[in-house]
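Please look over the sequence and the structure before reading on.

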There are 2 protein chains.
Amino acid sequence: MEEVFQNEIIKQILLKYRTIWAIGHAQSVLGWDMEVNMPKEGITERSVAQGELSVLSQKLILDKKFVELVEKADGEDLNDYERGVVRVLKRSIKIAKAFPPEFVREISEVRSKATMAWTEAKQKNDFKLFEPYLDKIIELSRKAADYLGYDEYPYDALLDLYEEGLRIRDLDPIFEKLEKELKPILDRILEEGKFPKEHPLEKEKYDIEAMKKVNLEILKLFGYPLGTRGRLDVSPHPFTTEFGIKDVRITTRYEGFDFKRTLLAVVHEFGHALYELQQDERFMFSPIAGGVSLGIHESQSRFWENIIGRSREFAELIYPLLRDNLPFISNYTPEDLYYYFNTVRPDFIRVEADEVTYNMHILLRYKLEKLMINEGLNASEVAELWNDEMERLLGIRPKTYNEGVLQDIHWAHATIGYFPTYTLGTLLATQIRAYITKDIPDFYEKVQRGEFEPIKEWLREKVHKYGSVYPPKELLERSFGEGVNPEYFIEYSKEKYL
Amino acid sequence: MEEVFQNEIIKQILLKYRTIWAIGHAQSVLGWDMEVNMPKEGITERSVAQGELSVLSQKLILDKKFVELVEKADGEDLNDYERGVVRVLKRSIKIAKAFPPEFVREISEVRSKATMAWTEAKQKNDFKLFEPYLDKIIELSRKAADYLGYDEYPYDALLDLYEEGLRIRDLDPIFEKLEKELKPILDRILEEGKFPKEHPLEKEKYDIEAMKKVNLEILKLFGYPLGTRGRLDVSPHPFTTEFGIKDVRITTRYEGFDFKRTLLAVVHEFGHALYELQQDERFMFSPIAGGVSLGIHESQSRFWENIIGRSREFAELIYPLLRDNLPFISNYTPEDLYYYFNTVRPDFIRVEADEVTYNMHILLRYKLEKLMINEGLNASEVAELWNDEMERLLGIRPKTYNEGVLQDIHWAHATIGYFPTYTLGTLLATQIRAYITKDIPDFYEKVQRGEFEPIKEWLREKVHKYGSVYPPKELLERSFGEGVNPEYFIEYSKEKYL
């Protein structure tokens, strides 16, 4: 295989970058271990270690010689891969440079305290406990936007942190369209009642060891390289983490009932993992290895979760496996399974939302975040506004803070600007469905037969193998000839649910 | 509690040291994960990450400003803790300075290749495959000794790497004494036959889940803080690793038969873990946190394994627990258990050796290592000499390389000079037994009743709480008024076995 990095300056950059890469690798392992293994009191030393490694990594990114090399390379005649390296590093340097060290320290302290306050507030269902921290986080996020700079709105600067190049002017039309079109679809689904609001399978209790076996078998069906390049573990919240191209691990949780929650989490995380596993190995140790953005990443996980995992054909494929391991399944048909995976109901909690209502939850957060950052909305006004919006969008009004404004950890983590990437991914998944079924007309038959290799190969060729070579918008244009387009999601929802 | 670090320069040093500490923390987590969790192919990226972190850590230790601060502090009026910080850091700086980067790279490469060659040689039972690598490692180890410098013998420089201040002039009299005294004791034990050479319990097969439960219960008896500050996991070779004072993990392995191997491994590793867990918490993030040397560390593990774990009282204590979980135990008495834990037989493999023959195995390696480093012994002569010595010391002659020179990984890892610390620890464990039974006359009754708190407290006060404040020899003098003294081990062996 041809070397992707030819330019001498790029080679020098990559040699230096290996140290930064290694710190990132270590931070990922430390983070994974914290969620999966760490004994409780380990947190004291682990936090300090993570903090020190962050500071060290920033120092190396801003090292004068390193920055000079990157600037020098920018003027060279480079190939796409090399340009990708320069683009990603310039972005990292820009972000690292933007924030003064005192600010980084302050935001990191506020984040810790806010997370503790949020945890307590949630336990006591008392928003007042979290309110002052949210105000502080809004203030610091606005400051962050100022440090980063923006053309139109301060919120744009935050959006770009999570999705390179994303701005309000991209998102507003998308969310307007969704708001206008989704409500009537939802009303019709509820009216027709073909897709139930609740399903008896939600109440069925499962044996955790049996369920673990089911999840592992599904991963084997997908061809996830358990033991050679991956693992499945247990953590409070399911997640995927990559320590490189050759070690990409996923987690799930076992609640003992409503097994679709653990099963679809595994399918979702597999989508994230596959994106990392199918990188071009020549990118190893370089800044262009790894998924390019949160939105593109979520498109992969949502594709596996929603398009494959919630399909009738997938329900048929895994039915025997479920029946053999979960005794209660014998009382149900594959068709029952399909409707159980696709209940539709307006509900309060985002992470439990179905395909149709999910984006409404994001829309609500997007509106509030814009108001916080661009319009000076205070924490004291957020809780009421949340409830009003929820009532307007889904026709239900939270009775507790936990059902409303306190449900997500994101704001406590000071990651304002993150939520919209969930919708981008969800919409993109339906676009990918449209493109792949054109190239692979018997896509759903393949799912039913468990023939995932051609599907994985297609995803590799269209998305995965590019790593972070191109920014997200350019990647979409190159592979699919268009960017995020909510029409596909609307069409998909109509076709599937009506 | 009083601050232990008062001096302003020391405080500056410790602030800078936190980054070095954090890298060490990360390296430990990466190492632990590699043994316990890592999917196979993860090794490519993990090795590069570990290499980069090592280089980075060395760079920070040799950072000009850091070295200047340490030198400056050396001239200050310091308390014991602060002097400990300076001593440990001067030692690290000296070692880091000694080796030119090309040498570090070369030895690291040779180590990787030698380990692979050793693995293959072992699989094929063919010493010739490993021989050229062993020659290279002998050559590089001699070079390392020259870089480090020494007063009497080059081997002294290597000994000091693993046990601060240890020299041939300390070890020769110890091993001479052991060689002279142990052989007659061993002969008498074998003649008398009270302690059997083999025991039927060695052949009993156990259920792995049941055995896991037993191990966990024993750790609970000891008060090991499972889940709060520790974990028990599975790895190919049992080990302990500390990520700090608050997260100290141990591993064991399950072979499915001869359960004392997994059980006593857990007891052994608990001894290591306790040393780390009982550090003075004020040392956190400083270079004096953590056990001071391999020899002192091994004294703690051997104390728990040999003095407690192989005692009649411990067999009585855990008998009901074993009987409740391992059905075959009902056919045996606590007394059977005691003799099973204390079989004595000349055998080939060091890691399976009993208390009496164990030090003979180390003696053999010590002799060979001295010849390699001081006298120019070549790899081609090592295998035969090994067998001759084994015959002379234990009266048995290996018939395969795997039973002889190929059994240990240490030389492939280029850690010549490491083995003697095993004997130091084993001897010290019997000294500690003598001291503790003076202070706690009902020591063995306490073991029988599972009252480990006063024993742990005694170990904390005499050894653990000092961390690395004093060099090993000074620690022993301060706490016990004498250094390593083989008389205790001889007496103990006579008393126990004759």
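## Helices α14 and α16 in chain A

The crossing of α14(A) with α16(A) is left-handed, a term used when the near helix is turned anticlockwise from the far one by less than a right angle, with clockwise giving right-handed. The model is predicted, so local features need pLDDT of at least 70 and side-chain atom pairs count only at pLDDT 80 or more, while totals for chains, interfaces and linings use all residues. Side-chain values use heavy atoms, without hydrogens and water, residues are numbered from 1 along each chain as its sequence is written, and chains are lettered from A and ligands numbered from 1 in the order in which they are written.

Helix α14 of chain A spans residues 355-375 and helix α16 of chain A spans residues 420-439, and their axes come within 9 Å and cross at roughly 145°. Helices are DSSP runs (H or I, at least four residues), numbered from the N terminus, and axes are lines fitted to C-alpha atoms over the stretch in contact, with angles from 0 to 180 degrees between N-to-C directions. Among the residues that meet are Tyr358(A) and Ile362(A) in α14(A), and Tyr422(A) and Leu427(A) in α16(A), where contact means heavy atoms within 4.5 Å.

## Helices α11 and α16 in chain B

In chain B, helix α11 (residues 294-309) packs against helix α16 (residues 420-439) at an angle of about 60°, with the axes 7 Å apart. This makes α11(B) oblique to α16(B), since angles under 35 degrees count as roughly parallel, over 145 as roughly antiparallel, 65 to 115 as roughly perpendicular and the rest as oblique. The crossing of α11(B) past α16(B) is right-handed, and the residues making the contact include Phe303(B) of α11(B) and Leu428(B) of α16(B).

## How the two chains meet

The contact takes 40 residues from chain A and 39 residues from chain B. Because 98% of the interface residues of chain A are also interface residues in chain B, the copies meet through the same surface. Between them the chains bury about 3,300 Å², 63% of it on carbon and sulfur atoms, buried area being the accessible area (1.4 Å probe) that two parts lose on being put together, summed over both. In chain A, Pro39(A), Glu41(A) and Glu45(A) lose the most area to chain B, together 19% of what that side buries.

Technical notes: Helix = DSSP H or I, 4+ residues; strand = E, 2+ residues; numbered from the N terminus.
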